[in-house]
Amino acid sequence: MRERIDALDAELLRLLNERARCAVEVATVKRRQGGEAFYRPEREAGILRQVREQNTGPLPGDAVVRLFREIMSECLALEEPLVVAFLGPEGTFTDLATRKHFGQAATLQPLVSIDSVFREVESGRAHFGVVPIENSTEGVVTHTVDCFLESPLLICGEVILPVQHHLLSRCERLEDVRLVMAHPQALAQCRQWLDRELPGVERRHASSNGLAAQNAAGTAGAAAIASDAAAERYGLQVLAQNIEDRGDNTTRFLVIGRVEAGRTGRDRTSIMLSTANRPGSLFGLLKPIAEAGISLTRIESRPSRCVNWDYVFFLDFIGHRDDTAVAACLEALRESADMLKILGSYPQAAT
């Protein structure tokens, strides 16, 4: 059996390098032709779905997807190393989502705010960015939604990440904690636990959980709500595990860039709409979607920033802009809305 394993390992190594050589040849062809993006979101999503569906075990599907993600990440780095900006610092859940989507071979660039992630990608200094958009418990991340009002960037992917919050600190005991720091969403997701276990302890907002952990490492009596990766990164101990109020706590992240993702057959489209504030105006916007039989998965309203009490609506629905039904629906919306902006059609997360 050991000899068989050794032979299989040798064959795996040979095949991996053969795949890598093919990736290098593909890069040569793309450079010769010019203009074609090296990273294609729909191609990667299709491969990952295919290996999950074709997997017969005993390796579980998630493990197979992780292995192929890293193989693809390393091969893509041979074609063109990707620079990906994300809401930092290191150890945030956005960091984990970025690594889950792009693998370990991408060059990751932590930034201090969601705005700066958009700017970094818009400037071309980063190929892509990853930002949080919504949480299953606390809803939409309004800062991300607002950035799309002005940005020309497209959504070209999404990542779904189960979120487990831990209380991290230099303190030895829970009773010694005098301050808890975290992103406002994380504080809200752990509100019941904090009320029960740390009543009266000050809660302070941070721009990210990673920054909260970084600050807690240098502040006596402070604790942070963050991931176990942040605990390892900043030398903190875990005082309490899984303090989120809901066990199914999940966050959705968006991959933003300048690439239009092609159809995969399992896609989502995000758009931005506005119309005059008059009776029945929202009904008029939603009617073409209902008549087309398209599944609407999210709708949010945000102030337009132009006129008081005027709003822009952000919608997600199932399908790709190139699908016949979706294309006809978008055309109807273009005629009825005062403004329509297509933020992107992209593969649904390969969870």
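Helix H1 passes helix H3 in a right-handed crossing (the near helix is turned clockwise from the far one by less than a right angle). This is a predicted model, in which local features need pLDDT of at least 70, side-chain atom pairs count only at pLDDT 80 or more, and totals for chains, interfaces and linings use all residues. Residues are numbered from 1 along each chain as its sequence is written, and side-chain values use heavy atoms, without hydrogens and water.

The axes of H1 (residues 2-33) and H3 (residues 61-79) come within 8 Å and cross at roughly 40°. Axes are lines fitted to C-alpha atoms over the stretch in contact, with angles from 0 to 180 degrees between N-to-C directions. Helices are DSSP runs of H or I with at least four residues, and strands are E runs of at least two, numbered from the N terminus. Contact means heavy atoms within 4.5 Å.

| H1 | Leu16, Arg19, Ala20, Ala23, Val24, Val26, Ala27, Lys30, Arg31 |
| H3 | Ile71, Met72, Cys75, Leu78, Glu79 |

These residues comprise 10 nonpolar, no polar and four charged.

The largest nonpolar core has 26 residues, and Phe314 is among those with the most contacts inside it. A nonpolar core joins buried Ala, Val, Leu, Ile, Met, Phe, Trp, Tyr and Cys residues through side-chain atoms within 4.5 Å; buried means under 20% relative accessible area with a 1.4 Å probe, counting protein chains only.

His320 lies in the loop between S14 and helix H12 (324-336). His320 is buried, at 1% relative accessible area.

Key: Buried means under 20% relative accessible area, exposed over 50%, partly exposed in between (1.4 Å probe, protein chains only). Ala, Val, Leu, Ile, Met, Phe, Trp, Tyr, Cys and Pro count as nonpolar, Asp, Glu, Lys and Arg as charged, and the others, Gly among them, as polar.
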